[in-house]
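Please look over the sequence and the 3D model shown here before reading on.

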Amino acid sequence: MVSEARILIAPSVLAADFAHLGQQVRDATAAGADLIHVDVMDGRFVPNLSFGEVVVDAIRQSTHLPLNIHLMIVEPENLIPSFLKAPTDQIIVHAEACPHLHRTVSRVKDQGKQVGVAINPGTPVSAVEEVLPYLDFVLVMTVNPGFGGQRFIAKALDKVRRLRRIIQEEGYSARIEVDGGVKADHTAQESVRAGASILVAGTAIFNREEPVLQAMERLRASISGVRGE
Ligand code: DX5
Ligand code: ZN
């Protein structure tokens with residue numbers, strides 16, 4: 001059952017110190033991260049630019065962990081091949097960016113890679129329901145994508161609960177991932193209670209207040225013993 005899955009923590013490098021990116025990724029890896037979340041933004045699907053293939057390649061050189069690659073770009077099918085290089089690479093596309101979502105998902109699966117679909121706060125669960133059986137992840141945005149450090153939108157947890165129910169009832173294997181504003185407070189706990197089993201955390205892990213190891217430990221501690229409702 002999804003609610004009993006081990007909770008995975010995926011630090012988002014968007015909040016890292018880019019002058020020391022390799023070291024930050026190594027720190028997160030050593031601190032016990034499960035995945036490294038990588039936000040690719042094109043300035044069109046979202047109102048911000050981040051980085052592309054060259055930087056993702058450099059991140060891959062700095063960790064043995066799977067890269068959880070969140071594509072916030074229009075027409076992602078054109079660029080997907082350049083982001084799938086290691087056997088463990090995982091791709092997440094946005095439902096809103098893919099008119100042929102089934103085809104896009106199938107193409108990633110055909111490469112033998114794990115695939116997820118993300119939905120924005122304003123997008124209903126129905127946008128992903130028809131492809132849910134094929135997914136390894138469904139990513140529920142808990143902020144409007146484009147920037148780190150935004151406030152968690154608690155209403156999005158209704159969609160997490162709805163997705164968990166569908167996944168359980170239908171016997172699908174997709175994990176539910178939440179992304180945006182997740183911290184070592186009620187936001188992480190409530191996400192896990194609602195049914196999320198992957199927590200993306202950017203500023204909660206990479207910040208100037210505390211070392212990455214301490215931030216990871218605090219986030220883990222905040223969900224210790226917390227289970228899906
Ligand atoms: C937002 C990105 C997130 C972001 C999360 O568009 O998809 O992954 O890095 O950052 P925090 O955890 O700071 O909200
Ligand atoms: Zn993200």
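## Basis of the model

This is a predicted model, in which local features need pLDDT of at least 70 and side-chain atom pairs count only at pLDDT 80 or more, while totals for chains, interfaces and linings use all residues. Residues are numbered from 1 along each chain as its sequence is written, chains are lettered from A and ligands numbered from 1 in the order in which they are written, and side-chain values use heavy atoms, with hydrogens and water left out.

## Residues around ligand 1

There are 20 residues around ligand 1, and those that come nearest are Gly146, Asp179, Gly181, Gly202 and Thr203; a residue is near a molecule if one of its heavy atoms lies within 4 Å of it. By class, this shell holds eight nonpolar, 10 polar and two charged residues, where Asp, Glu, Lys and Arg count as charged, Ala, Val, Leu, Ile, Met, Phe, Trp, Tyr, Cys and Pro as nonpolar, and the others, Gly among them, as polar.

## Polar contacts

An oxygen atom of ligand 1 lies 2.8 Å from an N or O atom in the side chain of Ser12, and a polar side-chain atom of Asp39 is likewise 2.8 Å from an oxygen atom of the ligand. For Gly181, a polar backbone atom is 2.8 Å from an oxygen atom of ligand 1.

## A loop residue

Val74 is found in the loop between strand 3 and helix 3 (80-83), with helices (H or I, at least four residues) and strands (E, at least two) taken as DSSP runs numbered from the N terminus. The C-alpha atoms of Val74 and Cys98 are separated by 7.8 Å, although these residues are 24 residues apart along the chain.

Definitions and conventions. Polar contact = N/O pair within 3.5 Å; in protein donor to acceptor, adjacent residues only side chain to side chain.
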